[in-house]
Amino acid sequence: MARENNRPTNGGYLDFEQKVADFERQVEELRKLSAKKGIDYSVEIRRIEKDRIIELKRVYSNLTAWQTVQVARHPQRPLLRDYLNLMVKDFRELHGDRLFGDDRAIITGIGQIARNKVLIVGQDKGKTTKEKIVCNFGCPNPEGYRKALAKMRFAEKYGLPVVTLIDTPGAYPGVGAEERGQAQAIAVNLSEMSRLRVPVISICIGEGGSGGALGIAVGDRLAMLEFSYYSVISPEGCAAILWRDGSRAPDAAEALKLTSRDLYRLGLVDAIIPEPVGGAHRNVHDTVYNVETYVAKTLAQLQHVPIDELVESRYQKWRSLGSKATLQGPLAVERASRIATTSRPAAAKRDTSTARV
Amino acid sequence: MAMMGPSSTTMTKKPKATWNGFSLKPRKEMPEGLWVRCPGCEHMLYKSAVQKNLDVCPSCNHHFRIGATARIRYLVDEDTFQPILENMTSADPLDFQFRGTTYKDRIRADQEKSGAAEAMQIGKAFIKGRGVVLGVMEPDFLMGSMGAVVGEKFCVAVEKAIEESLPLVAVSCSGGARMHEGVVSLGQMAKTSAALARFNERKGLFISVLADPTTGGVTASFAMLGDVILAEPRALIAFAGPRTIAETIKIELPEGFQTAEFLMEHGFVDMIVDRKDLRSEIARLIDYTQK
Ligand SMILES: [Zn+2]
């Protein structure tokens with residue numbers, strides 16, 4: 001079956017956007033009517049358009065974690081290709097890891113972002129079915145991570161800052177990937193990126209799927225697009241394990257605190273890049289522009305920092321991650337038990353505590 | 001057997017070596033009763049015989065999975081282990097709740113079950129008279145998963161090794177990153193790897209020992225970053241677990257897939273070492289690399 005999966009069958013509306021869809025249908029009908037009968041409905045159309053925007057703003061300012069995941073996976077969401085086309089001037093792809101092959105889920109190359117010469121490393125999911133297959137639905141194999149590192153070393157040698165764009169469901173869980181050392185490839189990237197002697201900016205533009213995302217995300221700054229998500233495990237995978245029921249993914253998504261707002265509040269990401277009203281898929285240009293603005297601003301900051309200082313503060317940034325999430329002292333075990341006891345009514349609290357931010 | 005040179009250590013306690021004479025207390029990991037069935041050869045084995053053999057089947061060399069306390073007992077010179085941060089526990093950064101229960105409840109239950117505060121013990125010790133900083137994972141505590149505590153302890157171990165110019169030995173045995181801590185636990189992969197990068201710049205020796213099972217975020221971070229990587233026979237070593245792969249690609253997995261032997265054949269493990277030989281092999285590596 002040819003599944004040119006650019007558009008979902010319902011016209012691109014997610015299930016929580018039904019009212020928006022209704023407004024758009026009304027506008028469409030009025031336009032048709034106007035054309036057929038020559039009556040001017042522009043006042044009505046403007047009114048409905050206004051309501052539509054209000055509704056979009058309302059919906060998107062109250063997205064649940066699971067709805068955010070759906071937006072992040074929206075088939076029309078801008079992908080790496082859009083950023084390369086609209087944000088990077090003079091992009092030249094550099095292929096291959098010089099060891100095994102040229103992974104198509106991770107694209108690397110040189111180009112200019114807001115007049116800064118940079119190395120771009122990005123994950124590509126592909127738009128058409130054919131593209132999706134070529135780039136393995138954005139799931140990199142080890143050679144993708146090794147290519148990324150090889151090109152980052154090249155960038156380091158010539159002082160080019162590195163910009164990484166993250167959008168992957170996860171590193172590929174395949175036989176070949178295991179045979180060629182998926183784990184080792186990611187581990188080496190984590191370690192080497194932490195010491196890279198050029199500025200490194202990472203931006204999660206869609207799906208930040210676990211180690212597969214982190215494998216190109218160890219930098220000086222980690223930003224997220226407003227409705228992207230970043231998680232240690234997919235909500236479906238988490239639900240299958242902890243709820244023993246994959247269909248409880250919405251609950252898992254809430255519990256995992258995978259939205260940009262939750263992660264920012266927890267101090268796990270440095271910045272949230274706003275998306276246009278109704279999400280990135282409704283306005284590709286503005287989305288890319290917001291990302292470009294963030295990159296330009298952040299590069300300007302980081303390029304002033306002496307490199308030893310930058311690498312040391314990058315180290316401190318990662319070294320301190322989660323340090324506050326530990327309890328210490330001889331009574332820690334008992335304290336933890338006590339917390340566990342006193343927080344028993346937490347189950348009842350759940351509905352409110354997991355609701356929107 | 002290994003030639004052992006004189007050891008240079010900064011610790012004061014006099015090490016007593018050899019396997020013999022260890023007190024092998026009965027452990028909970030084994031089912032009740034005098035006998036145990038070996039998953040390797042299906043033989044019924046006399047339990048105390050297995051335990052005297054470092055929890056290895058005397059008939060087929062199957063390496064039973066062991067907890068951190070037994071592991072430390074089998075690995076270090078008697079009574080030389082000095083724990084660091086032994087009571088550190090997770091503060092549950094996400095306030096994680098699932099299926100009517102909580103992560104905190106799960107922590108408490110596993111603390112009771114395993115007798116361990118968390119999924120990794122770290123400390124200083126001697127191995128055949130050589131001073132080391134040791135990290136050992138605890139499979140009975142949330143499947144040995146890595147959260148903030150494991151990451152923090154691992155980094156403290158690295159820093160201790162830098163501070164005292166000691167080699168670092170870590171025994172991995174883990175289900176991967178700990179879901180209940182979300183991106184906090186994911187970040188520990190980068191945190192531990194960054195600490196090792198710094199250790200490496202200072203010419204620190206890191207010996208990574210992979211025990212059954214070493215998977216997910218632990219494999220994809222510190223476990224695969226050893227200067228030397230040792231593995232116990234037949235240990236499962238993976239990024240994605242075999243079930244995940246089978247579900248994703250729906251083909252039959254090759255024979256011996258993701259075993260220590262498979263990893264060595266594909267170039268990711270230096271040496272497969274029987275449990276009884278770990279001490280001498282680690283000591284040898286230290287003697288070859290440390291002044
Ligand atoms: Zn046996």
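Mentor: Start with helix H2 of chain B, residues 68-75. H2(B) lies across E7, E8 and strand E9 (168-174) of chain B. Its direction makes about 160° with E8(B). Such angles run from 0 to 180 degrees between N-to-C directions, and axes are lines fitted to C-alpha atoms, for helices over the stretch in contact. Helices (H or I, at least four residues) and strands (E, at least two) are DSSP runs, numbered from the N terminus.

Some ground rules. The model is predicted: local features need pLDDT of at least 70, side-chain atom pairs count only at pLDDT 80 or more, and totals for chains, interfaces and linings use all residues. Residues are numbered from 1 along each chain as its sequence is written, while chains are lettered from A and ligands numbered from 1 in the order in which they are written.

Now the residues of the helix. In H2(B), Ala68(B), Ala70(B), Arg71(B), Arg73(B) and Leu75(B) are buried. Buried means 20 or more other C-beta atoms within 10 Å of the residue's own; exposed means 12 or fewer, and partly exposed lies in between, with C-beta atoms placed from the backbone. The buried residues of H2(B) pack against E7, E8, E9 and helix H9 (278-289) of chain B.

Step off the helix. Asp77(B) sits in the loop between H2 and E3 of chain B. Asp77(B) has 19 other C-beta atoms within 10 Å, so the residue counts as partly exposed. Its C-alpha atom is 7.4 Å from that of Ala125(B), although 48 residues separate the two along the chain.

Next, the sheet. Seven strands of chain B form an open sheet of mixed pairing, in the order E3-E7-E8-E9-E10-E11-E12. Strand E3 (82-84) and strand E12 (271-272) of chain B stand at the edges with a single partner strand each, so one side of each has no neighbour in the sheet. Two strands pair if DSSP finds at least two bridges between them. Take E7 (residues 120-127) and E8 (residues 130-137) of chain B: they are antiparallel and share eight bridges. Within that pair, Phe126(B) stands opposite Gly131(B) of E8(B).

What about cores? A nonpolar core is a set of buried Ala, Val, Leu, Ile, Met, Phe, Trp, Tyr and Cys residues joined through C-beta atoms within 7 Å. The largest has 170 residues, and Val162(A) and Leu168(B) have the most contacts inside it. H5(B) gives the largest share of this core, 10 residues. Two residues are in contact if their C-beta atoms, placed from the backbone, lie within 7 Å. Leaving out residues up to four places away in sequence, Leu168(B) touches Val133(B), Ala157(B), Val158(B), Ala161(B), Phe199(B), Gly204(B), Leu205(B) and Phe206(B). Another core, of eight residues, lies apart from the largest one.

Now look across to chain A. In the contact between the chains, 63 residues of chain B meet 59 residues of chain A. H5(B) supplies the largest share of the chain B side, 16 residues. By class, that side has 34 nonpolar, 20 polar and nine charged residues. Here Ala, Val, Leu, Ile, Met, Phe, Trp, Tyr, Cys and Pro count as nonpolar, Asp, Glu, Lys and Arg as charged, and the others, Gly among them, as polar. Strands meet across the boundary too. Strand E9 (residues 326-327) of chain A runs antiparallel to E4(B), joined by two bridges. Thr326(A) has Ser90(B) as its bridge partner.

Chain A has a covered strand of its own. In E6 (residues 221-225) of chain A, five of five residues are buried. Arg221(A), Ala223(A) and Leu225(A) point one way, and Leu222(A) and Met224(A) the other. E6(A) pairs in the parallel sense with strand E5 (residues 200-209) of chain A, over four bridges. Cys204(A) is the bridge partner of Met224(A). E6(A) is also parallel to strand E8 (residues 271-273) of chain A, with three bridges. There, Ala223(A) faces Ala271(A).

Last, the totals. Chain B has nine helices and 12 strands, and 54% of its 291 residues count as buried. Chain A has 16 helices and nine strands, with 46% of its 357 residues buried.
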